Amino acid sequence: MAKGGRARARAKSRGAPRRWLLRLTALVVLFGLAFAAWLWWDMRSWRPDPAQYPEQGAFVPAGGGEVRFATLKAVGAQFVYLPLALGDAGAEAPGGFADRFVRARAAGLRVGVVLEFDPCTGADAQSGMFAQMVPRDPDLLPPAIGLAALADGCAPKVSDAAVESELMTLINQVETHAGKPVILKLSRGFQERHNTATTLVRDLWLSRDRARPDYAGRPWLLWSANGARVTEASAEPVEWVVVQK
C-alpha cells in the first residue's frame, strides 16, 4: 500500500507541470483570439492621426452601392478617388462612374480618378476610355493608375516585357490628356513582379493596413492605411487614404 501510494504521488507530481502547461497554452490562445477580435473591431473605424496626416480621403469601391459623399466629407475625407476600369457596366447610370463623379464634386470633395490597368489589353483602348470618361480639368487631382492585376491569366499570353511597354504607353497617354503626372497605385504583388517603383519615376500610392508600407523601397505620396474602413457614408467599407507631408 505504501509503495502504491508513493507511485501515485509521483505520477501526480509529474502530471502537475503538464496541466499547468495546458492551462497556460489555453490562456495564450484565448488572449490571442481576444486581441484579434479587438483588432478587427478597432480597424473597422480606425484611421491615422489627423495631426500626423492632416490630409485624408477615401478610395471608394466600384459597384459598392450608393455613396453619400457629403457624409464621407463629414467623417473626415477631404478628397475622394473614384475607380474606372475598361468595360465598366453602367458607367453613365445612377451609381455609375459618371454619376459618382458629379455627386462627389457637388459635395465639395476634391476628386481624382484611378484607372485600373488591365495587362491583357492594349494601352490605346484603356487610355481612350479614360479620355472619354474623364474631362480635362485642372481642378482634378492627379490621375492614378491602379497596378494590381498580373498577366498570368491573359489569353493569348502576354510577356512581362509587353506589359511594361504597354504600361509606359498608357502612362504617357493619360498624362497627355490630364496634363499632370500620374500616381502609381502599386500593389505589393505587381511591385515584386515588375519592380515598377525602381523603373518608373512617378509618385507612389501604397497599401498596408495600419502599418506604414515599405515594399516599394522608396518614399510614397499616398498610403491606403485602412483597406476597409466602415463609415456612415456607404453600406460597403471604403479604402481610407492619407497623404504624406
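Predicted model: local features only at pLDDT ≥ 70, side-chain atom pairs only at ≥ 80, totals over all residues.
User: Why is Asp-160 called partly exposed?

Analyst: Its relative accessible area is 28%. Since buried means under 20% and exposed means over 50%, a value in between is partly exposed, so Asp-160 counts as partly exposed.

User: What makes Asp-160 and Arg-193 a salt bridge?

Analyst: The closest N and O atoms of Asp-160 and Arg-193 are 3.2 Å apart. The cut-off is 4 Å between a side-chain nitrogen of Lys or Arg and a carboxyl oxygen of Asp or Glu, so this pair qualifies.

User: Which other residue does Arg-193 meet in a salt bridge?

Analyst: That is Asp-152, with N to O at 2.7 Å. Asp-152 sits in the loop between E4 and H5, so its pairing with Arg-193 ties together parts 41 residues apart in sequence. Asp-152 is exposed at 57%, while Arg-193 is partly exposed at 32%.

User: How many salt bridges are found in the whole structure?

Analyst: The search finds seven. Another one of them joins Arg-202 and Glu-175, whose closest N and O atoms are 2.7 Å apart. This pair links the loop between helix H7 and strand E6 with helix H5, 27 residues apart. With values of 18% for Arg-202 and 16% for Glu-175, both partners count as buried. Salt bridges that share partners also join Asp-152, Asp-160 and Arg-193 into one network.

User: How do you know that Cys-120 and Cys-154 form a disulfide?

Analyst: Their sulfur atoms are 1.9 Å apart. The cut-off is 2.5 Å, so the pair counts as a disulfide. The structure holds one disulfide. Cys-120 lies in the loop between strand E3 and helix H4, and Cys-154 in the loop between strand E4 and helix H5, so the bond ties together parts 34 residues apart in sequence.

User: Why is this disulfide called left-handed?

Analyst: The torsion about the S-S bond of Cys-120 and Cys-154 is about -85°, so the disulfide is left-handed.

User: Are the two cysteines, Cys-120 and Cys-154, buried or exposed?

Analyst: Cys-120 comes out at 41%, so it counts as partly exposed. Cys-154, at 8%, counts as buried.

User: Which residues of H4 are buried?

Analyst: They are Ala-123, Gln-126, Ser-127, Met-129, Phe-130 and Met-133. They cover an arc of only 155° around the axis, which puts them on the same side of H4. Asp-124 and Gln-132 are exposed on the other side of H4. Strand E2, helix H3, E3 and H5 are among the parts covering the buried residues.

User: What makes Gln-126 buried?

Analyst: Its relative accessibility is 1%, and the limit is 20%, so Gln-126 counts as buried. The Gln-126 side chain also reaches the backbone nitrogen of Asp-118 at 2.9 Å. Among the residues Gln-126 touches are Leu-86, Leu-115 and Leu-170.

Methods
Residues numbered from 1 in each chain as written. Heavy atoms only, no water. Helix = DSSP H or I, 4+ residues; strand = E, 2+ residues; numbered from the N terminus. Buried < 20%, exposed > 50% of the residue type's maximum accessible area, 1.4 Å probe, protein only. Arc of directions from axis to C-beta. Contact = heavy atoms within 4.5 Å. Polar contact = N/O pair within 3.5 Å; in protein donor to acceptor, adjacent residues only side chain to side chain. Lists of a residue's contacts leave out its neighbours within four places in sequence.
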